[in-house]
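Biologist: Please take a close look at one part of this model, the packing of a pair of helices. Then place that part in its surroundings, step by step.

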2 protein chains.
Amino acid sequence: MSEINARKVRQAADYVRYLSLIAIEKAQSGHPGLPLGCADLGVVLYRYFLKHDPTQPQWSNRDRFVLSAGHGSMLLYSLLFMSGFSVTLDDLNRFRQWQSRTPGHPEFHAALGVETTTGPLGQGFANAVGMAIAAKWRAQRYNRPGYQLFNNRVFCLVGDGCLMEGISYEAASLAGHLGLDNLVTIYDANRVSIDGHTDITFTEDVAARFRAQGWLVAQTDGNEPRSFATALESLLQTPGKPLLLIANTVIGSGLDRKQDSSKIHGAPAGLEEIAHFVRHSTMKPVVAAAAGIDPENDTDGLMAWLKRQAESETPLLTHAEALEFMREKLPQQRKMAAERDDLWHRYQREFPQSAAEILQSGENGIPVDLDSALAAYREDTPDATRNISGRVLNLCAGHIPFLVGGSADLAGSTKATIFDSAYLGAGDFSGRNIAYGVREHAMAAIGNGLALDGTIIPFSGTFFSFFDYLKPALRLAALMRLRHLFIFSHDSIYLGEDGPTHQPVEHLNSLRLIPGLISFRPADDRETAWAFRYFFKQADGPVAIVTTRQKVSPQGRPDPDWSDFLFGAYEYKAPQTNKAPDLVIMASGSELSAATAAAGELEETERVCVRVVSVPCLELFSAAPYDYRKALLQDFQVPVFLVEAASYRGVDAWFHPGIHLIDIQRFGQSAPGKVLGDQFGVSAHAVAATIRACLKG
Amino acid sequence: MSEINARKVRQAADYVRYLSLIAIEKAQSGHPGLPLGCADLGVVLYRYFLKHDPTQPQWSNRDRFVLSAGHGSMLLYSLLFMSGFSVTLDDLNRFRQWQSRTPGHPEFHAALGVETTTGPLGQGFANAVGMAIAAKWRAQRYNRPGYQLFNNRVFCLVGDGCLMEGISYEAASLAGHLGLDNLVTIYDANRVSIDGHTDITFTEDVAARFRAQGWLVAQTDGNEPRSFATALESLLQTPGKPLLLIANTVIGSGLDRKQDSSKIHGAPAGLEEIAHFVRHSTMKPVVAAAAGIDPENDTDGLMAWLKRQAESETPLLTHAEALEFMREKLPQQRKMAAERDDLWHRYQREFPQSAAEILQSGENGIPVDLDSALAAYREDTPDATRNISGRVLNLCAGHIPFLVGGSADLAGSTKATIFDSAYLGAGDFSGRNIAYGVREHAMAAIGNGLALDGTIIPFSGTFFSFFDYLKPALRLAALMRLRHLFIFSHDSIYLGEDGPTHQPVEHLNSLRLIPGLISFRPADDRETAWAFRYFFKQADGPVAIVTTRQKVSPQGRPDPDWSDFLFGAYEYKAPQTNKAPDLVIMASGSELSAATAAAGELEETERVCVRVVSVPCLELFSAAPYDYRKALLQDFQVPVFLVEAASYRGVDAWFHPGIHLIDIQRFGQSAPGKVLGDQFGVSAHAVAATIRACLKG
């Protein structure tokens, strides 16, 4: 790229280094290695390559930049500040402090230009794959001849750590399969991680690996701006494949006494080193002018001045020339955005229906028709909740054209698939199903990327047991409050013969513990539909729906109030006599069928009045008003049985003594589901027997 | 391989097919696709390549065979039966039934020749990498010139699904780095998975991928015995790299109307298809003789006979000729084992110390000296439990030479490292540390493989937040009851500035829910040492130790009884006055420091008597005698406060109303740990304030 101004880039890069070093020094915590090593290429990307408008950070056709190696957050924050996003010097000053806008690892904040939360390695890369799929999908769905509404790219910066994580291979494999040529990954190949040089453990040929997965790969020097820019520009010419640019960098570059070592990865450099850096970088005259000293000869003056800079209340040094350089594109960026606005206005007149759909995708809220249909949803015959879930999902898909997702090679089993749509694939992204392959972890993180892109509402499905494989990404969905629907089928030992490796036990309560996630284990057709309704109507974050492999047929079929459903538990079957209950049985999912059958049996044989309570969502029930909970459980004045084919191991130490817990605290076994239900004590018959014994003892 | 008897191999392979088809038909559940597709190569492996003695299935120098694609379990069971292991026809008859020895997916059963539990895809492959490391390690440690005690190989069969999972890339990357030429992986490349042909999602160049990771790769026809054997034998000649043989197979081979389709992957074939198979395979004369019919012309007779075969009580057909072929090696296998026994006896005389160490590694139990040292363990100054854990681990390592492990690029942070030992590496496996790289998932599964091998006691370390990345493998450690120690540091929001992505919240109770796992969150030096003591002295399965990043210094330092410690909770600080407590505070880990400080403050300012209870292991406490628990909590006659910087979200709906829960049900934040402790209400000051308000309100 001939127009690269190498001198200005170096100046700006040194300012990135300075800001990063001082901010980390102030916090006495942080990771200088990456911001220093990638300062040069970061400046080149933000100054010359990324298409965006810092004054409209949520502009939908912006190029996305994902810092997958999230520990290098000061690189991102510095570049956002310098490029004119709303990150301020004061924000940088408060790096890693309580409620600052610059936390230790980047946290999704669209208004700041932080595209996703990263830190757990490899996640950002998979998010980027999702964003690239979403960009392809919306370009194909909404662009029209003469109306290139969408043509953005996704840039992603990964480190050695990202590429060691399994999720990066999974995501790269799918990206290569899909030929995502709008995905540009820069590999910060500094070959140093926390425990030392990567040659102690990571010696694979990364270029060959990505080529094997269908990528176009080039190498360059990441600390040499012109080479980097030329290599990148050349890569961008070739369509058809995702792009990997291996940028050989020196970790901690600029600190010539500490660079290229794991020592500079994750700890403050110290003022001595910063002084050394100032003396040997383009920051020397800037500091000289600001401090009114000669950094070369006045060591005491420099140290004293840097010490003040590193104090939390001292404003960080402004570098006018570097800022001017980084921001001189702003008018051009605004012009580009304005032209796109014009195009959009013409598009709205020309294609009102598509325009309306685009607008709809940006809003929360459930379509009115869908809301009514879900509210009234009933099926005629008992079925497995996974099958019901599949039909409800497809009902929703009919109303929400940007509902897109898939499963990890289990479409037929989980029913997490849109029946009348195709798989999207290389060259044709019109499908609404994604064949994720046996890649649960990448699926969930790619789904997060789909949601982050802003158009698609994603769903992801697998067996509940393999929730374990994708948990790190689900956790990030909860942390980011993404509208991402997780569909987990085969929810318990009742899946039967596949045995303990496939039978969830601890998973149900593990889900419930996750902050911000709402999980449902529906017991019938209505609850299944209402779980979806909750997702589209109420949720401001991810929802998990956990379904059965086998048929459920609880006796009761009440018409609960939506408001009671929102309390997470409600009376499903009143005592036969309408008297006050002699005992209460709480259950969720398929155990509600067992509970209602057991209740019927007990009412007949033991002449007791039994209330059965369904608990589709324990998180909501736990948060429900105290009086509601107390009334439902008869204030523990009668025996309360809690039946779930799931583990409460350990935490049951704190339970109310009035609760008789019928759960499963050991691994399942391989046998027909019915046998297991009896053997593990959660079948109707077994539950009735346990309660009977309890009543008599 | 010239001596391959292709006719006999085909005959035996058809018997594998027959047994698999009928067993799955009986169970009306199972996966015929792989057993049929891999029948030929499976017979070749068991008949010609694997070095083992079926009459001594636990013979330590045996070649291991790992069926990573565990859904193909009938292949393994059939081969074990046919080769003369103690799997019987009756066992095959009870495939997938309650408490049978042939569950749906293979479950670790050393006496049967089932080397590991598989089913969750990719796990077995990573186990095999661990077994290969262990084999290298013990060969280097114990072999002497003229005494090749150990030289076994590890064979592993993987499917497309295994190779799509991220863990397979992680494990392959490390295997290539370590040059594990004793690892032989057969890739059943049938290119079909549950949702269809893999070309809908998995189109990477697998050969190139493995070569990029340092493997030697060859391809062959997996359904042509001679080609397969020749290719395998040729691969085995080349030392220095792990070996991948890509065996192109036809899924469901033998069922020419259903093969090569996902339809045959995971459902019974049906009697019609089985009849068709019998008519067109070498099973025809065998069935003809057994049934006394002409399968070709007597369709009704054949169907009736097969129907009976598929009934659960009918014994499976014996195929004498196939059995004779598979077992004719038995005398030779016994001779080989006997020669090795002789070698071992001479070794014992020649190298008594090493021999004693080998014998020690095969036994459970803690060395007496170590037991005493751990029992009395105390440190002089307060420290972070991760540092204490590091010192205790190294104390243990001094007594247990086969304690080997590592961390996922966090040796310096987790202290899960043996200080005076090197990393093991290609060509030199004497080190006791493994540089796992940023590969948590593979680490845990490789650790499982180390344990399964039978010599090494493994430890694995990472940040507690990244427990999520390895959970699927930890679960299998618990299911298999492996002696595998997990060390998780940075246990809570108190890690501070790295923020919510690195701060565990839901993880602590997620650990506790897992059947069979015992987890400790120690609060001081003694508890840390005793957690290790528990692992070596008591545990018959995995143990997790969860440690702090920051210093702990609880006031109290009692000398608890070991028996009380085994109850999971005990009085840590008695009320100052020795009167009955007015309130009880329960806490674990660093919150015990907060609790004891708060108690001291409250005793002074509020004139109340406070008992502080430490809960190092909630699972043990939950299982402790009722009277013990009741006494410790004063039978809830006084307020009880439970303080943990961890989530009880949802499950707290069932809590005893006498418990005042001070937990964390939202994500952490990026800020200094002390600030977070106050803001999240779990610091000493905040806990005291909460209790004070509660006492007054």
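Modeller: The axis of a helix here is a line fitted to C-alpha atoms over the stretch in contact, and angles run from 0 to 180 degrees between N-to-C directions. The model is predicted.

From H1(A) the contact takes Val9(A), Ala12(A), Ala13(A), Val16(A) and Arg17(A). H3(A) answers with Ala39(A), Asp40(A), Gly42(A), Val43(A), Val44(A) and Arg47(A). Sorted by class, the contact between H1(A) and H3(A) has 7 nonpolar residues, 1 polar residue and 3 charged ones.

Now the chain around this pair. Chain A has 29 helices and 20 strands. Its C-alpha atoms fill a box of roughly 95 × 60 × 45 Å along the principal axes. A compact globule of 697 residues would have a radius of gyration near 26 Å, and chain A, at 29 Å, agrees with that.

Strands of chain A also form sheets. One is an open sheet of 5 strands, with the order E16-E18-E17-E19-E20 and mixed pairing. At its edges are strand E16 (570-573) and strand E20 (659-662) of chain A, and each of them pairs on one side only. From one strand to the next the twist averages 30 degrees. Strand E19 (residues 640-643) of chain A runs parallel to E20(A) and is joined to it by 4 bridges. Across from Val640(A) stands Ile659(A) in E20(A). A helix covers this region as well: helix H29 (residues 684-696) of chain A lies across strand E17 (583-587), E19 and E20 of chain A, at about 150 degrees to E20(A).

Next comes chain B, which can be laid on chain A with an RMSD of 0.0 Å by a turn of 180 degrees and a shift of 0.0 Å along the axis. Such a relation is that of a two-fold axis. The same surface serves both copies, as 99% of the contact residues of chain B recur in chain A. In numbers, 97 residues of chain B are in contact with 96 residues of chain A. Several helices of chain B supply at least two residues each to this side, among them helix H8 (166-178), helix H21 (467-480) and helix H28 (673-679). H8(B) gives the most, with 8 residues. The side of chain B that touches chain A has 42 nonpolar, 34 polar and 21 charged residues.

In the order E1-E2-E3-E7-E6, 5 strands of chain B form an open sheet with parallel pairing. Strand E1 (64-67) and strand E6 (216-221) of chain B are at the edges with a single partner strand each, so one side of each has no neighbour in the sheet. The twist here averages 20 degrees from one strand to the next. E6(B) pairs with strand E7 (residues 243-248) of chain B over 6 bridges, in the parallel sense. Opposite Val217(B) stands Leu244(B) in E7(B).

How values were computed. Residues numbered from 1 in each chain as written. Chains lettered and ligands numbered in written order. Predicted model: local features only at pLDDT ≥ 70, side-chain atom pairs only at ≥ 80, totals over all residues. Least-squares fit on C-alpha atoms with pLDDT ≥ 70 in both. Contact = placed C-beta atoms within 7 Å. Nonpolar A, V, L, I, M, F, W, Y, C, P; charged D, E, K, R; others polar. Pairing = 2+ DSSP bridges. Rg over C-alpha atoms; globule rule 2.2 N^0.38 Å.
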